[in-house]
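This report looks at how parts of a protein model pack against one another. Please keep the sequence and the structure in view while reading.

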Amino acid sequence: MKIFVTGIGVCSALGLDVESNIHALSNEKTGIRKGTQPFSERFLVGEIPYSNQELCAKFQLDPSLSRTAILGFIAAKEAFRTHSPNTSIRTGIISGTSVGGMDTSEVAYRAFVRGTEENLNQYREHPSGKAAEQIAAHLGIQHYVNTISTACSSAANAIMLGARMIQAGQLDRVLVGGTDALSEFTISGFRSLMIFDEAWCRPFDDSRKGLNLGEGAGFLVLESEASMKLSGSNKLARLSGWCNASDAYHQTASSPDAIGATLSMKGALAIAGINPEEIDYINAHGTATPNNDLSESTGILNVFGTKIPPFSSTKAYTGHTLAASGGIEAVYAVVALRDGYVYPNLNFSNPLSETGLIPQLTFEKGKIMRHILSNSFGFGGNNSTIILSAE
Amino acid sequence: MVYIRHIDSISFQNSFQCSNLWDILHPLDSESTLQNPEYKLHIQPTSLRRLSTILRMGIATAKSCTTDFVFDGISYGTSLGCLTDTEKFLQVVNTVTGDVFSPTAFIQSTHNTIAGQISLELKNHAYNMTHTQNTLSFEVALLDGMLLIQEGKKHVLVGAADEAIPFMERLRPDIITTHLPLTSGATSMALVPESNQASVQIMACQTFHNVDNEQEVLADFLIAQGISATDINLVLVANELETAFVSVNYTTFTGYYQTSSAFAVHLGVDFFAQNAEATYVLIFNNLDRTQLGLTLLKRV
């Protein structure tokens, strides 16, 4: 059974909708700048430059929501805007998140530690499953609600599960993607891991030192053909391949021989039923950590051999948006397929000494695109690949 | 068809590698504590040292379900994830001055640490998923595991774990409304597509949201499964359900943790072993009464 993408929505440091994100990407404008929150102001981050209050006023949202939920609402509403509840279409939502409402609960916990007045209600927003339930209730999605939490591959895994459920006949239509807000918890976490670059992140560059964190959300609507007839929606792309595999190497680092990454890319190609040379662009995970980019490059070489398609990481535009990244980048891939775009990799000077791979360096448009492969690799060796196709 | 080949739990009951839960079951009281097995018999001492309780529970129960096969899929559920390490890292963030601090708690705070550590311990490269949907976290993990079997996988590990931390007591009664003791537990099970090595079939699992009438959901579910209320020998409920069925409240034995319905599946499996005439057991997870998880078990 074919699975189609019939809606896309995104918010990131590049903008609050698909159009503004693509505009920034095609003009090679990064959204990464000095942060404005007490915990981000010392660093370069892909922060969305509006407060929760401003976003809630702009999008008519409940201001008690966590920022993770707010960002999720913005992207989910855009993706679902041409859709409506329909009792004949079994509709679900699968969202991905890494820390859920931590952005809210950490504020209460800080007050607790410091002995100042703690707003216990803020803990209500903490559970990672909360945002999906709130978005589902708002959009009238009843049939199935789930949240995936596999760190940085969460949204890719949500997309994959949605596709599998449609294929198995369990759902007709599903809103899939992910959302994560910047929080003190994650900034401190990645700093403690010593993979947090205080300068601009440099994906696939030999001098790369680490990532810049970002925030945002990306959602897609997946549908079966039968559902599209009922909903009257138009096809934007086809989701043709997916695979998740476990590296089983180290709790945070990827294996040097890229076992998990190789398995996930090969698995997705097998499901799509295509050969590596049919891939026209790879949207890499490319976090700019020394370990990820080397392991991912090795994986790309394992799978594509000497015929490496154009590849780039968009992390130097958005920052690493963790659980949201697979959703945001899937949206970028849908537009790239439609408009023949290849996004350039920013901040690159020299290829990795180990692999010599050079990413796409200029913005290209009008390219004939058949298939785009998108990687998302998470903590704990959770490797995911999806393939989006034009036909 | 999906069958349970093996199931094991660590809980406030002495449940780990116990031959039948119903023999050892007792209602919890204020003195009850988590019944940890001797973890060093199941986990390498070098890794054991760093692992929090929820990780130990997950790994030990998962390993207990492994014999001569390799899992070709792992699907785990947790509602609040690794709370001990989450709180530990929040403490570090708020108290340690300077710029260098240990990443261990952060690394082990993410929800997928449980399934990730299981894959590391088992050196398993298969599909590895972590689901988190509040009180339905086990059911959504089980549904994914059942789907993997439907897709042709031969041995799928499904499990769920949650852990309580003392901090949570501060959230009573407004945020945490239950009167039950706040507890921890983990249950893992090996799902297989063939009945020859299994005694229990999972007939169906379904989740429901925005529920305002539990009875209606139950009636519709039974109709969809083509069985009548009188066919069911036991209903395991999280909260009292007005029903004509023989029902047992499993939270009396588990206390309150969001994935306790996985333990109820274990109770269901062991119920068949002790009741030769029983054919159907229903797990009715109404821990949160607005969202339900229904799991129907059948004797093979």
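Which residues does A:Leu222 touch, not counting residues up to four places away in sequence? In this predicted model, A:Leu222 touches A:Ile3, A:Phe4, A:Val5, A:Ile159, A:Gly162, A:Ala163, A:Ile166, A:Asp172, A:Arg173, A:Val174, A:Val176 and A:Leu239.

In soluble globular proteins, nonpolar side chains tend to be buried together. Here the largest nonpolar core has 131 residues, and A:Leu222, together with B:Ile4 and B:Leu191, belongs to those with the most contacts inside it. Helix H12 of chain A, which covers residues 325-339, contributes the largest share of this core, namely nine residues. Apart from this core lies another one of 30 residues, including A:Cys11, A:Ile74, A:Ile93 and A:Ala217.

## Two helices from two chains

Two packed helices are described by the angle between their axes and the distance between the axes. Helix H7 of chain A (residues 184-192) packs with helix H4 of chain B (residues 83-95) at an angle of about 85°, and their axes are 10 Å apart. Because angles of 65 to 115 degrees count as roughly perpendicular, H7(A) is roughly perpendicular to H4(B).

On the side of H7(A), the contact is made by A:Glu184, A:Phe185, A:Ser188, A:Gly189 and A:Ser192, while H4(B) supplies B:Thr86, B:Phe89, B:Leu90, B:Val93 and B:Asn94.

## Aromatic pairs

Over all chains, a search of the whole structure finds 19 aromatic pairs. One of them is formed by A:Phe204 and A:Phe311, and this pair is edge-to-face, with 5.0 Å centre to centre and 85° between the planes. A:Phe204 lies in the loop between H7 and strand E7 of chain A, whereas A:Phe311 lies in strand E10 of chain A, so the pair ties together parts that are 107 residues apart in sequence. A:Phe204 is buried, with a relative accessible area of 1%, and A:Phe311 counts as buried at 2% relative accessibility.

Ring pairs also link A:Phe185, A:Phe190, A:Phe379, B:Phe89, B:Phe101 and B:Phe106 into a cluster. Of these, A:Phe185 and B:Phe89 are also among the residues that make the contact of H7(A) with H4(B).

## An enclosed helix in chain B

Helix H6 of chain B (residues 113-122) is largely enclosed by the rest of the structure, because nine of its ten residues are buried. The buried residues of H6(B) include B:Thr113, B:Ile114, B:Gln117 and B:Glu121. After H6(B) comes B:Lys123, whose phi is positive, near 50°.

Conventions
Residues numbered from 1 in each chain as written. Chains lettered and ligands numbered in written order. Predicted model: local features only at pLDDT ≥ 70, side-chain atom pairs only at ≥ 80, totals over all residues. Heavy atoms only, no water. Core = buried A, V, L, I, M, F, W, Y, C linked by side-chain atoms within 4.5 Å. Buried < 20%, exposed > 50% of the residue type's maximum accessible area, 1.4 Å probe, protein only. Helix = DSSP H or I, 4+ residues; strand = E, 2+ residues; numbered from the N terminus. Contact = heavy atoms within 4.5 Å. Axes fitted to C-alpha atoms, helices over the stretch in contact; angles between N-to-C directions. Parallel < 35°, antiparallel > 145°, perpendicular 65-115°, else oblique. Phe/Tyr/Trp six-rings, centres within 6.5 Å; stacked < 30°, edge-to-face > 60°.
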